[in-house]
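Please look through the model shown below with this note beside it. The points are numbered so that each can be checked in turn.

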Amino acid sequence: AMAWENFEKIVQEIEKDLKIDRMNMDEKTLQIPSIKHYWIAELYRSKIQIQSLEKKKKDLFKAFAESDRVMEIGLSKDAIQRQFNATKKVQEINEKLEELKIIVEYLEDAKYVLGRATDDIKNRIELEKVERL
């Protein structure tokens with residue numbers, strides 16, 4: 001069972017960033033560019049973290065496959081891969097990678113929604129002008 005706390009935290013924070021009402025509209029309008037920048041940076045941080053974990057996994061595999069214990073047994077490449085994937089460390093890395101990939105996917109979608117927020121605010125203001133006529 002995966003906790004996925006980071007994913008949940010991101011969803012809640014973006015929800016808060018997109019909560020726009022009459023009271024905070026002016027403030028949010030001014031904040032939108034920095035909010036967008038923050039989440040785009042977060043998207044790239046997650047992509048960098050994925051690359052870093054995949055490199056770490058590759059390095060761990062190399063060390064594992066070349067360890068004396070594994071070399072002595074003389075396992076096939078598939079068997080070595082299976083043994084490696086069964087280790088706690090690798091399972092943790094895989095779990096983290098899975099969450100990060102979902103975060104990246106979510107942030108890609110959120111980038112679009114955040115991009116539209118400015119238009120949504122503009123439309124809301126136009127609508128209010130019309131309602132006042």
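Predicted model: local features only at pLDDT ≥ 70, side-chain atom pairs only at ≥ 80, totals over all residues.

1. Is Gln-81 buried, partly exposed or exposed? With a relative accessibility of 32%, Gln-81 counts as partly exposed, where buried means under 20% relative accessible area, exposed means over 50%, and partly exposed lies in between (1.4 Å probe, protein chains only).

2. Residues are numbered from 1 along each chain as its sequence is written, and side-chain values use heavy atoms, with hydrogens and water left out.

3. The secondary structure of the protein chain comes to 5 helices and 0 strands, and from the N terminus on the order of elements is α-α-α-α-α. Helices (H or I, at least four residues) and strands (E, at least two) are here DSSP runs, numbered from the N terminus.

4. The overall form deserves a careful look, since the radius of gyration of the protein chain is 23 Å, while a compact globule of 133 residues would have one near 14 Å. That radius is taken over C-alpha atoms, and the globule rule is 2.2 Å times the number of residues to the power 0.38. Along the principal axes, the C-alpha atoms fill a box of roughly 85 × 25 × 20 Å. Buried residues make up 28% of the 133 residues in the chain.

5. The chain exposes about 9700 Å², of which carbon and sulfur atoms supply 55%; accessible areas come from the Shrake-Rupley method with a 1.4 Å probe, and for residues only the protein chains shown count as cover. If one takes the contacts (heavy atoms within 4.5 Å) between residues at least 6 apart in sequence, 78% of them join residues at least 24 apart.

6. Helix α5 has 45 residues and reaches 63 Å from its first C-alpha to its last, which is close to the 66 Å expected at 1.5 Å a residue; the expected span is 1.5 Å times one less than the number of residues. The helix bends by about 30° at Ala-117, the bend being the angle between axes fitted to the seven residues ending there and the seven starting there.

7. How many salt bridges does a search of the whole structure find? The search finds 11, a salt bridge being a side-chain nitrogen of Lys or Arg within 4 Å of a carboxyl oxygen of Asp or Glu. One of them joins the side chains of Glu-108 and Lys-47, at 3.1 Å from N to O. Because Glu-108 lies in helix α5 (residues 88-132) and Lys-47 in helix α2 (residues 25-65), this pair ties together parts that are 61 residues apart in sequence. Glu-108 is partly exposed, at 30% relative accessible area, and Lys-47 is likewise partly exposed, at 30%. Lys-47, Glu-108 and Lys-111 are linked in a network of salt bridges.

8. Lys-88 counts as exposed at 60% relative accessibility, whereas Glu-92 counts as partly exposed at 42%. Asp-119 and Lys-122 meet at 3.9 Å, N to O, and are 3 residues apart in α5, again about one helical turn. An α-helix has 3.6 residues a turn, so residues three or four places apart point the same way.

9. Ser-46, in helix α2, is buried, with a relative accessible area of 3%, and beyond its neighbours within four places in sequence it is in contact with Leu-100, Ile-103, Val-104 and Leu-107. Val-11, in helix α1, is buried at 18%, and its C-alpha lies 9.1 Å from that of Leu-107, although 96 residues separate them in sequence. Lys-19, in the loop between α1 (5-17) and α2, counts as exposed at 62% relative accessibility.
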